[in-house]
Amino acid sequence: MEIYVGSLPYSVTEDDLKEAFTPFGEVSSVRLVTDKFSGKSKGFGFVEMPDSSEADAAIAALNGNDFKGRDIKVNQAKPKEERPQRRARY
């Protein structure tokens with residue numbers, strides 16, 4: 001199951017996230033979303049856990065709790081919605 005993790009402090013690393021989720025079960029991947037120009041964190045990311053019951057336990061335990069000074073939001077990731085294609089401006 002893919003899990004959305006938001007309201008993260010900008011200093012959080014992928015290793016920090018993996019460490020927070022590992023007590024609940026196997027973590028198959030962690031991805032912090034970064035700004036494509038500056039490379040700095042955008043304050044959210046995704047954690048992939050193959051076992052849904054372990055993922056649900058992590059969501060229940062971590063959502064709304066303090067993580068390195070911020071109350072984080074943790075829930076099941078929703079598929080990205082299709083966006084209308086933008087017209088190029090010239």
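## Exercise 1: A loop residue and its neighbour

Lys68 sits in the loop between strand S4 (66-67) and strand S5 (70-71). Strands here are DSSP runs of E with at least two residues, helices are runs of H or I with at least four, and both are numbered from the N terminus. A word on the source: this is a predicted model, in which local features need pLDDT of at least 70 and side-chain atom pairs count only at pLDDT 80 or more, while totals for chains, interfaces and linings use all residues. Residues are numbered from 1 along each chain as its sequence is written, and side-chain values use heavy atoms, with hydrogens and water left out.

Task: find the phi of Lys68, then work out why Asp16 has no salt bridge with Lys68.

Step 1. Phi of Lys68 is near 55°, a positive value in a residue other than glycine.

Step 2. Now go to Asp16, which belongs to helix H1 (residues 14-21). Setting aside neighbours within four places in sequence, Asp16 is in contact (heavy atoms within 4.5 Å) with Ser11, Phe67 and Lys68.

Step 3. Asp16 is buried and has no salt bridge; Lys68, the nearest side chain of opposite charge, is 4.1 Å away. Buried means under 20% relative accessible area, exposed means over 50%, and partly exposed lies in between, using a 1.4 Å probe and protein chains only.

## Exercise 2: Strand partners

Step 1. Strands pair if DSSP finds at least two bridges between them.

Step 2. S2 and S3 form a hairpin with six residues between them, and Gly39 in the turn has a positive phi of about 80°.

Step 3. Phe44 lies in S3, which covers residues 41-48. Not counting residues up to four places away in sequence, Phe44 touches Tyr4, Val5, Gly6, Leu8, Leu32 and Val33. Phe44 and Val5 are 39 residues apart in sequence, yet 5.6 Å apart in space, C-alpha to C-alpha.

Step 4. Phe44 counts as partly exposed because its relative accessibility is 25%.

## Exercise 3: One more positive phi

Task: where is Ser7, and is Ser7 buried or partly exposed?

Step 1. Ser7 is found in the loop between strand S1 (2-6) and H1. Its phi is near 60°, positive although Ser7 is not a glycine.

Step 2. With 24% relative accessibility, Ser7 counts as partly exposed.

## Exercise 4: The whole protein

Task: how many helices and strands are there, and in what pattern do they follow along the sequence?

Step 1. There are two helices and six strands, in the pattern β-α-β-β-α-β-β-β.

Step 2. The C-alpha trace spans about 50 × 25 × 20 Å along its principal axes.

Step 3. Of the 90 residues, 33% are buried.

Step 4. Among contacts between residues at least 6 apart in sequence, 60% join residues at least 24 apart.

Definitions and conventions:
Lys and Arg count as positive and Asp and Glu as negative; His and the chain ends are not counted. A salt bridge is a side-chain nitrogen of Lys or Arg within 4 Å of a carboxyl oxygen of Asp or Glu.
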